[in-house]
Amino acid sequence: MNKKNSIKVITGLLAVSMLGLVAVNGGQTGSGRVAFAEGTEAENEIASPNEARREASIMNDADKIYGVGSVSKVYVTTAVMQLVEQGKVDPDAPVTDYIDDFKMADDRYKDITVRMLMNHTSGIAGTSAKNLFLYGDNDFVMTENILKNLECQRLKADPGEYACYCNDGFELLEVIVERVSGISYTDYVEKNIADKIGADNIYTAKNVFENANLADIYPDGHNRYETEYCMDFGSGGIYSTALDTCEFGSTFFKGDNRLLSEESKNKMATLWSSSKDVSEKLKIDPAFMDQNGLGWDLVDIPMYEEAGVKALYKGGDTRDYHASLLVMPEEKISICVTTAEGSSGFNLAMAESLANIILEEEGTIVEETAAPEVELHEKVPDSYKQYEGLYSVNGAPAEITFPDMKYALVKMVGSGTSDSYYMFTENGFVKVTGDVEEGNARVDVNYNCVDFEEAGGHIYVTQEMISKPSGLISTYQKDYIGEKLEMNPIPEDVLKSWQERDEMIFELISDKYSSAGYNAPFASIKCLDDSGYVVSTGFEKDSIFKIVDADHLEAFNTIPSSSNRDACDIYIDESGKLCSTYGLFAVPESKNQNFTADVKKVELTTDEAVWFNIDDSMANKTISMDRPENSAVYVYDKFGNVKYSTHMIDYGNILHLPKDGYIVFVGEDGGTVSIN
């Protein structure tokens, strides 16, 4: 392919013939449009009472622009590999060679190489979240934020030890591209990626701002919001159409050297570390570790590997946009699915379903990975008794026991409590449904097999899962998902200081008025009995922390996989504010003022949101307001659900105040909101 393909868009059809490109644009209702390379049999299948009008409408839809989220990581990796080919970057040189002001509160950062950023093995904690997603705003502050936030962070593993998904590493790659090339990342992508492949619609949040073709978003499923812009360009900030994302994917076809040489593409498509390296260093099973290459999430997908097909995959999810890119270099298949609802996982299921149809037409039959037949045993071997205890499972606390040594009981004890039952088999513990005690258990429709592994003084939980959440095609995963928490003895007065904060609600104050962080601004802390650990619930995830002293918590997990992603440390400052190494700050709800009829004005301060509890005297009443342009107001019910936001389009200026709810005012220095 020497120039951009001519694309024909077909709607409502999933029957395909051999092609070079497939693209699917999904709307807010989950509908899709499938695009085929010109000249396929499907081209002749359009039928409509008003075909010209329909085709015009479809072609307009083909121009819809979506955020591709973390698919952006393949773009920045491509940019770095271009600089490698030019001799301007050494992938095995320290990052500090290219970013001299990169520093961390952990001397091991000096050992992080460029390659480690590309394959997620840097050991950097995860994601600097401050002002990451902005509504109707593209104020670029991420570079400043990333370097500042990393200065106070420690590493969670030795550089190069294991792969664990890390957004911040790809933001550093963006900085490297800018420092080495001497131009902005946006300009670099336009000149060295988009222009080289003839793509008219590859952008960052900088140059896509207010583009009329941006897909609408509905974060709560009902109300249309201002467009979301991801300000972490290297990690998640590329915007494109499904068609041009497909075109980008096609540059990884064998023989297509528009962007990279075959050598560079092969390096990107190679597993981050060999099984021998992993097993010798960590003494664990590499099959349960991350299977990424450079930039790609997956460089081997079992069902395609068994069919003799090399497949590369990258998924991406921002708060409101979702994308999947599936590329088969030898077969010259590139499939992209973009949506403004759902998830990249569902998009991957669509992409794989289409790929399997294409491959079948070419004579390659792909068999979905099937769950093995297992025999449920009514007794758990006594040797497993030692594994009872408190665990971190995918970042959330869980208690694992073996009642009467008949089965394994996994009881989640984080933001929600739930019980799961597993019976012993020759493969490990398989999840079951039905009445375990009465002997009526059966294997769950989604095969889920867990087991325990001891390595390096740790007890890990492994998981093999085969499920079909999309209803389209089975997904297969093998991961390290959990680790046993060893008791962390602490003085009684230290434990008491954290127990006094039990169930205390904290509210985000540090993000700017346009930040999407205010869609989920609440967090709380709860002690896990006297274990020496606490669980933080909120900001859209549960996290386990190890108590250090009366005011400091450290992120816990040495799980050698992406189950250990997005870790941060927390401390409580002298004013009682909760502070994280990700740059987020939150205040106790107990410090809120009451919002009464006497509140006529609210003075705004940059990075200091103003929170109120809705007073009973104002419950179920309405207000209106006059506010400056650079400000936002949110109203929440007592459960923390957003009921109103000034980022909602066409919602109006009348605010209904729910009983026992909250209202927050966010803006910049000197601004004032007047309440009517």
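The second largest pocket is lined by 24 residues, and Lys130, Asn145, Lys148, Gly583 and Asp607 lie nearest its centre. By pocket I mean, on a 1 Å grid over the protein atoms alone, an open set of points where a 1.4 Å probe fits, with protein on both sides within 12 Å along at least five of seven lines; lining residues have an atom within 4 Å of a point. The model is predicted: local features need pLDDT of at least 70, side-chain atom pairs count only at pLDDT 80 or more, and totals for chains, interfaces and linings use all residues. Residues are numbered from 1 along each chain as its sequence is written, and side-chain values use heavy atoms, without hydrogens and water.

The space in this pocket is about 460 Å³, a volume filled by probe spheres set on grid points joined across faces, edges and corners. Its lining divides into 6 nonpolar, 9 polar and 9 charged residues, where Asp, Glu, Lys and Arg count as charged, and Gly is among the polar. Helix 4 (residues 142-150) gives the most to this lining, with 4 residues; helices are DSSP runs of H or I with at least four residues, and strands are runs of E with at least two.

Three strands form an open, antiparallel sheet in the order 30-38-33, pairing being at least two DSSP bridges between two strands. Strand 30 (601-603) and strand 33 (625-626) stand at the edges with a single partner each, so one side of each is left without a neighbour in the sheet. Strand 33 pairs with strand 38 (residues 672-675) over 2 bridges, and Asp626 stands opposite Ser674 in strand 38.
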